[in-house]
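Student: I have a model open and want to learn how to read it. Can we go through it feature by feature?

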Amino acid sequence: MNQEGNGMVTIAGELKQWHKVTLNLEGPFARETDSAPNPFTNLEFTVTFRHTSGKSYKVPGYFAADGNAAETSATEGKVWRAHLAPDLPGTCTYTVEFLRDGKPLAPFHGKSGSFAVGKTDKSGSDFRGKGRLEYAQERYLRFAGTGERFLKVGADAPETLLAYADFDDTVAPKKNAPLKTWQPHVRDAKPSDPTWKNGKGKGLLGALNYLAGKGVNGFSFLTYNASGDGDNIWPFVSRNDKFHYDCSKLDQWGRIFDHAQSLGLFLHFKLQENELDDNRRGEKGEGNVVPESLDGGKLGPERKLYLKELIARFGYLLALNWNLGEENTQSTDEQKDMAGYIAQTDPYPHHIVIHTFPPQQDKVYGPLLGKDSAFTGASLQNGWNNAHEKTLKWILASEKAGKPWVVCNDEQNPADMGAPPDPGYAGGDGVALQGGKPYTLHDIRKKCLWGTLMAGGAGVEYYFGYKLAQNDLICEDWRSRDKSWEYGAIALRFFTESKLAFWETKNADALTDAGNFCLAKAGSLYLIYAPSGGRLSVELLPGRYEREWINPRTGASAGKILLEGAGRTALGLPPTEPDEDWLAVLRRK
């Protein structure tokens, strides 16, 4: 079996724009656990793809065992692989660089050829019909193919999503964080889903089908949490071996990620957890030796390999962000080094963010702002009821520093509660407590979801706490927040289907009544959200406007009228349920 490959190259996949195109090289035989040479450190495989337009990508490749490890669980082989998601139809050429200990390795080094790429045939929510989601020097990400702006509503829980019993070599040493089966979502699986090993994966694939079917569009997950709260996710062949990677497990992760992208689900990669991001423990950053941390927090050989392997295997995916870590406590220099290495290694301009403890946001985010920073946004953790204020703060601070950030609210405090389940789920009342005061999913809708969006934020992910049903460590049933997904989908549909140029607006709360939120393009478009309803008014430039009421609980329009506006203009009461939340839309006519 250990016969060397002959250097033959094959091109596989759907050879279309924005699709996953795979270059397979029959290269040197290796085993996952080899050390002389180590296929992950001594051997380096890179492919330069070049389109006839002149556009090119230098793509890191990886050792893929037998090329079918998701099905065979192979740990050895001679298949080396690189993925491209072509921007343009037409002819692409490729040139292989294959090095051993920095020196060209024959007969693999220098292999070249070409292939033809057709136009995309995808539409709807499938990201392959929209193109790569890129940072565009503004507060929203933008699809490279269609130019559409992207807003996100999705699940921040469970952080242990990848601690799944159907993945190879996945174990759970902690009793309070068992492996998941995602059994409640097996019923949502479809015959066409990309299962492996005679039907494995149905539960998690079904969960993604459910989430997409509710009309929301994202989820997050840790890719490494050894010694963290779950201590059940790592990409290595074993928990403590940071220089050898598990080919079959990672191929199976890839099946999940590919399916998500076809469904229009954004992938929030959280690259590490607080407990292992460096040699500092907890929010206070107390010094310690953390064996599970990569290079103790620095950009060394462990961290570089980890990032390169993830980028090589998953960087072709169209809609994702690289988040340096959950509640990150690395030093500013370490954060800059890590983000810079990601930007340098990733052939595509993916979104790079960081998440930290709420009291440390000034300390962490401030030094990372500015034109020269590799960071393009922030993943915020704040109290659910001050999401608007904090989102707006970092949007304005980043604009002032010369590089607008894409800012999302991705975790809601209090940490033990987060976003509560629906009333009636598992016999519960749907009530959570903050400082002894009750709140429900309706408060989350008003102050977190709409509060974030009306600050100019790019979206939310809901965190499930650790005390309520289906919490952050053990969640396997996203139906526990079914109604919250519906409210999120209503908000997404309004912004994406109303054909309003919301990206041209600025936050303008001062134009409306205290306690309400406003986005405005002065004299052209005004969006006024009233969390508690009541009589609304807004300061308008002179002109004729069409006023429309939108119900955030149903998405329904309550009719349109024309009005003359000049200065402070009364909009009146919402048409029904005047004490509930409403959105008033004013367009210049």
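Student: Is leucine 369 buried or exposed?

Tutor: Start with the ground rules. This is a predicted model, so local features need pLDDT of at least 70 and side-chain atom pairs count only at pLDDT 80 or more, while totals for chains, interfaces and linings use all residues. Residues are numbered from 1 along each chain as its sequence is written, and side-chain values use heavy atoms, with hydrogens and water left out. Buried means under 20% relative accessible area, exposed over 50%, and partly exposed in between (1.4 Å probe, protein chains only). Leucine 369 has 19% relative accessibility, so it counts as buried.

Student: Where is leucine 369 found?

Tutor: Elements first. Helices (H or I, at least four residues) and strands (E, at least two) are DSSP runs, numbered from the N terminus. Leucine 369 sits in the loop between helix 6 (361-365) and strand 20 (377-383).

Student: Which residues does leucine 369 touch?

Tutor: Contact means heavy atoms within 4.5 Å. Not counting residues up to four places away in sequence, leucine 369 touches Trp394, Ala397, Ser398, Ala401 and Trp405.

Student: How do I read a polar contact? What does the side chain of glutamine 261 reach?

Tutor: A polar contact is a pair of N or O atoms within 3.5 Å. Within protein, one must be able to donate a hydrogen and the other to accept it, and residues adjacent in sequence count only if both atoms are side-chain atoms. Glutamine 261 is in helix 3. Its side chain reaches the backbone nitrogen of alanine 319 at 2.9 Å. At 6% relative accessibility, glutamine 261 is buried.

Student: Which backbone oxygen lies 2.9 Å from a polar side-chain atom of histidine 350?

Tutor: That of leucine 317. Histidine 350 is in the loop between helix 5 (332-345) and strand 19 (351-353). Histidine 350 counts as buried, at 6% relative accessibility. Beyond its neighbours within four places in sequence, its contacts include Arg132, Gly315 and Trp322. Leu317 and Leu318 are among the contacts of histidine 350, and they are also among those of glutamine 261.

Student: Which residues touch the most other members of the largest nonpolar core?

Tutor: General idea: in soluble globular proteins, nonpolar side chains tend to be buried together. A nonpolar core is a set of buried Ala, Val, Leu, Ile, Met, Phe, Trp, Tyr and Cys residues joined through side-chain atoms within 4.5 Å. The largest one here has 142 residues, and Phe219, Phe257, Phe269, Trp478 and Leu527 touch the most other members. Helix 3 (residues 247-263) gives the most to this core, with seven residues. A second, separate core has 16 residues, including Ala508 and Leu540.

Student: Why call helix 8 largely enclosed by the rest of the structure?

Tutor: Because ten of the 13 residues of helix 8 (residues 441-453) are buried. Among them are Ile444, Arg445, Lys446 and Trp450.

Student: What lines the largest pocket?

Tutor: The search runs on a 1 Å grid over the protein atoms alone. A pocket is an open set of points where a 1.4 Å probe fits, with protein on both sides within 12 Å along at least five of seven lines; lining residues have an atom within 4 Å of a point. The largest pocket is lined by 26 residues, with Lys130, Glu148, Asn217, Leu492 and Thr496 nearest its centre. Helix 9 gives the largest share of the lining, six residues.

Student: What is the volume of the largest pocket?

Tutor: About 630 Å³. Grid points are joined across faces, edges and corners, and a volume is the space filled by probe spheres set on the points.

Student: Which peptide bonds are cis?

Tutor: Most residues other than glycine have a negative phi, and most peptide bonds are trans. Here, the bond from alanine 157 to proline 158 is cis, with omega near 5°. Another cis bond joins asparagine 413 and proline 414, with omega about 10°.

Student: What is phi of lysine 499?

Tutor: Near 65°, a positive value in a residue other than glycine. Lysine 499 is exposed, at 76% relative accessible area. Aspartate 231 also has a positive phi, near 50°, but aspartate 231 is buried, at 8%.
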